[in-house]
Amino acid sequence: MAEFSDHIDFQTILQTSVAPEVSLSTQLLLVDDDQIPIDTRYRFFTQDSYKTDLTSGTVPYDYSQKYFSQALVAPLVMIGRWAKVATNPSFVCGPNYETTLATWVAETAGSFKVVDNAGTPNEDEVTGVSFAAATSLAQVATILTAAIQAIATPNITGLDTSEFVFDSPGRLVLKMSTSGAAAASVSITTAASGSDISVPLLDAPNGTIVAGLDAEEPTDALTAISAIDNSYTNIHIRGESAAQQLALAAYVEATKDKLLDLWVSDAAAKNAALETDIGFLTKAAGYTQTNCIYSERTTEYGDACAAGRFLPAAPGTAMFSWNKLVGVNESGNPNPLSASDRVALEAKGYSWFETYSTGDTILYNGLTAGGIEKRVMIGKIWFDAKNTNDIWTYQINTPLVAFDNPSLTAIEGIIRTNATEAISRGILVDTVDRPFTLNFPDADDITQAQRASHTLTVLEAYKGYLNSEVHDYQITGTWTI
């Protein structure tokens with residue numbers, strides 16, 4: 001029997017000021033779509049807001065529609081921006097730009113200055129802007145665009161082909177036509193003459209400078225989003241190459257306590273003799289956090305369907321597979337999977353969609369590339385997060401946490417309580433052959449050197465086994481205080 005070992009490190013620091021965050025039902029879709037502004041990096045959508053905030057027929061809209069259409073009602077979905085191609089620098093006007101239309105209309109000779117922030121500033125002044133003809137705020141952007149495009153020979157390259165727009169969150173943005181990091185960034189400030197509209201109409205002092213970006217790899221986007229909000233658990237991606245899929249799987253496996261779903265349409269997946277497809281490569285690498293879903297339906301969002309149906313109230317208590325899904329076809333449609341296709345897919349670690357009766361489609365078999373149930377992996381993440389949060393809460397609410405037996409006993413009790421819950425949920429096992437054990441030191445065994453360093457690391461604070469169908473998957477907790 002194969003054995004995999006995973007070390008979960010609880011890096012818990014006394015009097016830490018930042019509470020750990022986790023949301024086990026939050027999906028993150030990475031996509032290159034400017035409905036997700038590059039400066040905010042992500043937006044959350046609910047089953048109602050996506051219909052009004054996203055454009056029908058786009059990837060974020062279609063993914064959200066499939067996700068929210070399942071029998072269980074998901075609370076929200078997180079759409080993240082991956083700059084697959086270089087982005088334009090821009091300037092986002094401050095939050096007070098949205099004055100009444102009458103205030104804009106009253107300005108008939110407005111002026112402002114656009115500044116290139118790269119090296120020695122290049123500047124262009126815009127004067128004499130009249131909003132008298134505006135009948136809506138949307139026309140304000142049109143008038144501002146006409147004003148900058150009217151500059152015959154601007155000092156700032158590309159300003160005369162740039163535009164003012166309202167972005168998807170409704171912010172007024174000067175969007176430059178040049179792209180990439182070499183385009184640097186621009187800002188808006190007061191012109192030397194004329195009736196200033198940089199303040200208050202454009203609220204430039206409270207605006208945001210957004211530099212251009214060169215094309216990113218999906219790992220770059222994931223890193224940037226995680227630095228802002230790390231509360232998602234499951235990652236989905238669109239528009240990637242096979243190399244990017246594999247690189248992202250390796251990145252998640254090595255650096256994230258997250259899960260990754262990959263949508264694979266490579267016909268090589270069904271060929272047992274070929275060893276070039278993503279399923280084979282991720283299984284060969286033993287990736288336990290990546291789930292490869294095969295389907296010939298390249299335009300479908302079956303991963304969104306499966307994720308939207310997998311929302312157990314208590315992590316670990318429901319199967320990721322074998323749920324009736326809405327809005328997805330079997331993976332072999334229009335070419336039905338043969339018996340040999342299924343054998344090859346299963347051998348390579350793929351999941352796929354099966355229609356077992358008219359209109360009834362399920363995901364089979366719900367294992368990650370490393371052969372672990374996704375249900376169990378979600379449970380593992382829950383166990384990790386629950387221990388971290390509970391220990392953090394104990395330390396914050398306890399006047400004295402020290403290197404003494406009462407403190408060590410309390411923390412040991414937290415892990416034991418959570419382990420009991422994990423065992424009852426079927427996440428961990430506790431049998432004669434595979435027992436769950438705790439190993440905390442006595443306070444008298446803590447050395448003077450450890451006390452002087454104010455750091456204590458307990459190796460193998462606990463040891464147990466995940467409730468896997470296939471492997472003895474051993475987990476070992478290391479607690480640092």
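Modeller: The questions and answers below concern a predicted model.

Biologist: How many aromatic pairs does the structure hold?
Modeller: A pair of aromatic rings is described by the distance of the centres and the angle of the planes. Rings count as a pair if their centres lie within 6.5 Å. By that criterion, the number of aromatic pairs in the structure is 18.

Biologist: Is the pair of Y50 and F68 stacked or edge-to-face?
Modeller: The ring centres of Y50 and F68 are 5.6 Å apart, with 20° between the planes. Planes under 30 degrees apart count as stacked. The pair of Y50 and F68 is therefore stacked.

Biologist: Which parts does the pair of Y50 and F68 tie together?
Modeller: Both residues of this pair, Y50 and F68, are buried. Y50 belongs to residues 49-53 and F68 to residues 59-68, 18 residues apart in sequence, so the parts tied together are helix α1 and helix α2.

Biologist: How many residues apart are Y63 and Y301?
Modeller: Y63 and Y301 form an edge-to-face pair, 6.4 Å centre to centre and with 85° between the planes. Y63 lies in helix α2, whereas Y301 lies in the loop between β15 (290-294) and α8 (302-309). The pair thus links distant parts of the chain, and the separation is 238 residues.

Biologist: Is Y301 buried or exposed?
Modeller: Buried means under 20% relative accessible area. Y63, its partner in the aromatic pair, has 0% relative accessibility and counts as buried. Y301 has 10% relative accessibility, so Y301 likewise counts as buried.

Biologist: Which residues form one aromatic cluster with Y50 and Y301?
Modeller: Y50 pairs with F68, and Y301 pairs with Y63. Both pairs belong to one aromatic cluster. Besides Y50 and Y301, its members are Y61, Y63, Y67 and F68.

Biologist: Over which ring does the charged end of K374 sit?
Modeller: Two lysine placements may be considered here. The charged end of K258 sits over the ring of Y232, 4.3 Å from its centre. The charged end of K374 is 4.2 Å from the centre of the ring it sits over, and that ring belongs to F320.

Biologist: Which backbone nitrogen does the side chain of D167 reach?
Modeller: D167 is found in the loop between β8 (163-166) and β9 (172-175). At 15% relative accessibility, D167 counts as buried. Leaving aside neighbours within four places in sequence, D167 is in contact with P37 and V173. At 2.8 Å, its side chain reaches the backbone nitrogen of R171.

Biologist: Which residue is the bridge partner of S90 in β9?
Modeller: Strand β5 (residues 90-92) is joined to β9 by three bridges, and the two run antiparallel. In β9, the bridge partner of S90 is K175.

Biologist: How many residues of strand β14 are buried?
Modeller: Two bridges join β14 to strand β13 (residues 234-237), and the strands run parallel. On one side of β14, L259, D261 and W263 are buried, and on the other L260, L262 and V264 are buried. Both faces are covered, and the number of buried residues in β14 is six of six.

Terms used: Residues are numbered from 1 along each chain as its sequence is written. This is a predicted model: local features need pLDDT of at least 70, side-chain atom pairs count only at pLDDT 80 or more; totals for chains, interfaces and linings use all residues. Side-chain values use heavy atoms; hydrogens and water are left out. Rings of Phe, Tyr and Trp (its six-membered ring) pair if their centres lie within 6.5 Å; planes under 30 degrees apart count as stacked, over 60 as edge-to-face and the rest as tilted. Helices (H or I, at least four residues) and strands (E, at least two) are DSSP runs, numbered from the N terminus. Buried means under 20% relative accessible area, exposed over 50%, partly exposed in between (1.4 Å probe, protein chains only). A charge sits over a ring if NZ of Lys or CZ of Arg is within 6 Å of the ring centre and within 35 degrees of the ring normal. A polar contact is a pair of N or O atoms within 3.5 Å; within protein, one must be able to donate a hydrogen and the other to accept it, and residues adjacent in sequence count only if both atoms are side-chain atoms. Contact means heavy atoms within 4.5 Å. Two strands pair if DSSP finds at least two bridges between them.
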